[in-house]
Amino acid sequence: MKKQGLIAVDLDGTLFDTVAVNAESYRRALESFGFTSDYDYYAAYCNGRHYRAFLQPLMGGNPSAEDVERVHDLKKQYYAASMDIARKNEALFVILEALRPTHYLAVITTGSRQNATEMLDHFHCTDWFDLILTQEDVVNNKPDPELPESHGPLWRGRRPYHDL
């Protein structure tokens with residue numbers, strides 16, 4: 001059967017509840033550099049934002065770009081160890097499973113390719129998606145329109161009334 005539409009979903013907060021995973025991973029990474037963070041702060045001020053925007057205040061306000069990247073790289077290492085606290089959006093997966101035969105499926109995330117792939121693999125659903133777009137695939141992260149407009153045949157010629 002020919003696929004007639006495209007469904008693009010966000011990974012963090014849509015496919016999976018990953019607030020606790022990210023909060024714990026960043027807490028551990030920041031503590032390695034002498035800084036602190038907790039779940040409540042992460043959930044209120046960091047969740048859904050790009051790490052370069054929220055790490056600066058957590059690291060004293062003016063850290064070097066290299067130190068921000070070091071914390072983020074360490075966070076990616078801790079992420080895999082914290083995945084068991086993620087929660088799968090079971091209702092959404094039921095819907096996606098029903099629509100898979102007739103729609104292309106795409107994941108879009110401001111997260112890293114490494115962590116996105118680890119999460120999808122952890123829940124055994126990587127092969128469900130025709131396209132996975134991560135922070136490494138773009139210059140400007142969402143909500144900038146660069147993400148969907150610049151990534152090939154699944155996006156070109158889309159008709160909004162066929163897509164979600």
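Which residues in helix 4 meet which residues in helix 6?

## Basis of the model

This is a predicted model, in which local features need pLDDT of at least 70 and side-chain atom pairs count only at pLDDT 80 or more, whereas totals for chains, interfaces and linings use all residues. Residues are numbered from 1 along each chain as its sequence is written, and side-chain values use heavy atoms, with hydrogens and water left out.

## Helix 4 and helix 6

Lys75, Lys76, Gln77, Tyr79 and Ala80 of helix 4 meet Gln114, Asn115, Glu118 and Met119 of helix 6, where contact means heavy atoms within 4.5 Å. By class, three nonpolar, three polar and three charged residues make up this contact of helix 4 with helix 6.

The axes of helix 4 (residues 65–82) and helix 6 (residues 113–122) come within 10 Å and cross at roughly 5°, which makes helix 4 roughly parallel to helix 6 (angles under 35 degrees count as roughly parallel).

## The largest pocket

The largest pocket has a volume of about 280 Å³, and 25 residues line this pocket, with Asp12, Asn22, Arg49, Thr110 and Gly111 lying nearest its centre (lining residues have an atom within 4 Å of a point on a 1 Å grid, and a pocket is an open set of points where a 1.4 Å probe fits, with protein on both sides within 12 Å along at least five of seven lines).

## Confidence

The protein chain has a mean pLDDT of 86, and 85% of its residues reach 70 or more, pLDDT being the predictor's confidence in each residue, from 0 to 100.

Key:
Axes are lines fitted to C-alpha atoms, for helices over the stretch in contact, and angles run from 0 to 180 degrees between N-to-C directions. Helices (H or I, at least four residues) and strands (E, at least two) are DSSP runs, numbered from the N terminus. Angles under 35 degrees count as roughly parallel, over 145 as roughly antiparallel, 65 to 115 as roughly perpendicular and the rest as oblique. Ala, Val, Leu, Ile, Met, Phe, Trp, Tyr, Cys and Pro count as nonpolar, Asp, Glu, Lys and Arg as charged, and the others, Gly among them, as polar. Grid points are joined across faces, edges and corners, and a volume is the space filled by probe spheres set on the points.
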